[in-house]
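Here is a short briefing to read alongside the coordinates. Take a look at the structure first, then follow the points below.

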Amino acid sequence: MPATELYRDHGEKPDGSEYEMVAWQVPVSDDFPEGLKYSFQYTSTEGETLLRFDNAPHHDVGRHHRHTPDGDIEALEFTGLSELVDDFRTEVDELYERRTD
């Protein structure tokens, strides 16, 4: 079964920073036991990663994780795609507010 896009969203904040969120249904495997692959990214106008959520299987902190602006990688609690979308949007909004105050 090929990957099927489940969710996609893209937007730009007034300062030119952008976010993109993509999630795919993939075959259940050791790498993707939920049958879900996702990458949510928020970048500055210069292209720097401000925040990223993904479930790439090669990090020691766990399958579901976030990349911070400082370059840290931290575990995420995954309870479902809808909650993940909400959490990412909330963090993007908070980061934007801090950056533009």
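Aspartate 86 has a relative accessibility of 43%, so this residue counts as partly exposed: the value lies between the 20% below which a residue is buried and the 50% above which a residue is exposed. Please keep in mind that the model is predicted. Aspartate 86 sits in helix H1, which covers residues 81-100, and belongs to a negative surface patch together with Glu77, Glu83 and Asp87.

**Overall fold**

- The chain is built from six strands and one helix, and read from the N terminus the order is β-β-β-β-β-β-α.
- For a chain of 101 residues, a compact globule would have a radius of gyration near 13 Å, and the 14 Å found here agrees with that.
- Along the principal axes, the C-alpha atoms take up a box of roughly 45 × 25 × 25 Å.
- Buried residues make up 38% of the 101 in the chain.

- The whole structure holds eight salt bridges, and the pairs below are among them.
- Aspartate 9 and arginine 89 are joined through their side chains, with an N to O distance of 2.4 Å.
- This pair links distant parts of the chain, since aspartate 9 belongs to strand S1 (residues 4-12) and arginine 89 to helix H1, 80 residues apart.
- Lysine 13 pairs with aspartate 93, and their closest N and O atoms are 2.6 Å apart.
- Because lysine 13 lies in the loop between S1 and strand S2 (18-25) while aspartate 93 is in helix H1, the pair ties together parts 80 residues apart in sequence.
- Aspartate 15 pairs with arginine 99, with 3.0 Å between the closest N and O atoms.
- Here, too, the loop between S1 and S2 is tied to helix H1: aspartate 15 lies in that loop and arginine 99 in the helix, so the link spans 84 residues in sequence.

- Lysine 13 counts as buried, because its relative accessibility is 17%, under the 20% cut-off.
- Arginine 89 is partly exposed at 31% relative accessibility.
- In the remaining pair, aspartate 15 is partly exposed at 27%, and arginine 99 is partly exposed at 38%.

**A shared-partner network**

- Glu5, Arg8 and Glu20 form one network, joined by salt bridges that share partners.

How values were computed:
Residues numbered from 1 in each chain as written. Predicted model: local features only at pLDDT ≥ 70, side-chain atom pairs only at ≥ 80, totals over all residues. Heavy atoms only, no water. Patch = residues over 30% accessible without salt bridge, like charges linked within 9 Å, V, L, I, M, F, W, Y side chains within 5 Å. Areas by Shrake-Rupley, 256 points an atom, 1.4 Å probe, with all protein chains shown as cover. Salt bridge = Lys/Arg side-chain N within 4 Å of Asp/Glu carboxyl O. Lys, Arg positive; Asp, Glu negative; His and termini not counted. Charge placed at Lys NZ, Arg CZ, Asp CG, Glu CD. Helix = DSSP H or I, 4+ residues; strand = E, 2+ residues; numbered from the N terminus. Buried < 20%, exposed > 50% of the residue type's maximum accessible area, 1.4 Å probe, protein only. Rg over C-alpha atoms; globule rule 2.2 N^0.38 Å.
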